[in-house]
Amino acid sequence: MLPRTIFLGRLIGLFFILAALFMLMHKQSFVATVPRLIQDPPLVLVIGMIASIAGLAMVLGHNVWAGGILPVVVTLIGWSILIRGLLLLFLSPEALAIYFKMFHFEDLFYIFAAITLVLGLYLTYAAFKALPLSNAGTKR
């Protein structure tokens, strides 16, 4: 396994676990805050730029579509972050509000939190269990 895949799997996995736990512990404030964020254009711009930079870094540094589930999941998350960042930058506030309402965030809150937690648990487990290429005895 590539060392970069292992690092990103650990990083994203632990972050997703912490984010899901925060979501579950602070549901009311989370549900109240997220819709308000998209109504603040300067904040949307900053978040969109940060997400676009992070997504581009992941896509440019880890665009791996083979080698197992872990590298593909890490790659898909990178693309997802990039696309989300670009949507924040290029959609109008009205379009963002419609896009956000499409996901029924408040109604499906526990499903979103569960998906985040399960992805985090999988990434963390798989990345800490994986052996780097030099230790696995495999060369590329």
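Trainee: Which residues do the ring pairs link into a cluster?

Mentor: The cluster joined by ring pairs is made of F22, F30, F100, F105, F109, Y110 and F112. Keep in mind that this is a predicted model.

Trainee: Okay, and how many aromatic pairs does the structure hold?

Mentor: There are nine aromatic pairs in the structure. One of them is F105 with F109, and that pair is edge-to-face.

Trainee: What are the distance and the angle for F105 and F109?

Mentor: Their rings sit 5.9 Å apart, centre to centre, with 85 degrees between the planes. Those two kinds of value are what you use in general: a pair of aromatic rings is described by the distance of the centres and the angle of the planes.

Trainee: Is F105 buried or exposed?

Mentor: F105 counts as buried, because its relative accessible area is 12% and the cut-off for buried is under 20%. F109 is buried too, at 0% relative accessibility.

Trainee: Let's zoom out. What secondary structure does the protein chain have?

Mentor: The protein chain has seven helices and zero strands. Going along the sequence, you read α-α-α-α-α-α-α.

Trainee: What does the C-alpha trace span along its principal axes?

Mentor: The C-alpha trace of the protein chain covers about 55 × 30 × 20 Å.

Trainee: And how much of the protein chain counts as buried?

Mentor: Of its 140 residues, 31% are buried. As for the accessible surface, that comes to about 8900 Å², with 74% of it belonging to carbon and sulfur atoms.

Trainee: Now the inside. Which residues make up the largest nonpolar core?

Mentor: That core has eleven residues: L8, I12, F16, M58, L70, V73, V74, I77, L123, A126 and A127. The elements giving two or more residues to this core are helix 1 (3–25), helix 4 (69–90) and helix 6 (109–129).

Trainee: Which helix gives the most to this core?

Mentor: Helix 4 does, with four residues. There's also a second, separate core of eight residues, and M23, I38, F109 and A113 are among them.

Trainee: What share of contacts in the protein chain join residues at least 24 apart?

Mentor: If you take contacts between residues at least 6 apart in sequence, 75% join residues at least 24 apart.

Trainee: Where is L121, by the way?

Mentor: L121 is in helix 6.

Trainee: New topic: which residues form the nonpolar patch on the surface?

Mentor: L45, M49, L86, L89 and F90 form that patch, and together they have about 480 Å² of accessible area. Helix 3 (41–61) and helix 4 each supply at least two of its residues.

Trainee: Which helix gives the most to the nonpolar patch?

Mentor: Helix 4 again, this time with three residues.

Trainee: And why does F90 count as exposed?

Mentor: Because its relative accessible area is 67%, and exposed means over 50%. F90 lies in helix 4.

Definitions and conventions:
Residues numbered from 1 in each chain as written. Predicted model: local features only at pLDDT ≥ 70, side-chain atom pairs only at ≥ 80, totals over all residues. Heavy atoms only, no water. Core = buried A, V, L, I, M, F, W, Y, C linked by side-chain atoms within 4.5 Å. Buried < 20%, exposed > 50% of the residue type's maximum accessible area, 1.4 Å probe, protein only. Patch = residues over 30% accessible without salt bridge, like charges linked within 9 Å, V, L, I, M, F, W, Y side chains within 5 Å. Areas by Shrake-Rupley, 256 points an atom, 1.4 Å probe, with all protein chains shown as cover. Salt bridge = Lys/Arg side-chain N within 4 Å of Asp/Glu carboxyl O. Phe/Tyr/Trp six-rings, centres within 6.5 Å; stacked < 30°, edge-to-face > 60°. Contact = heavy atoms within 4.5 Å.
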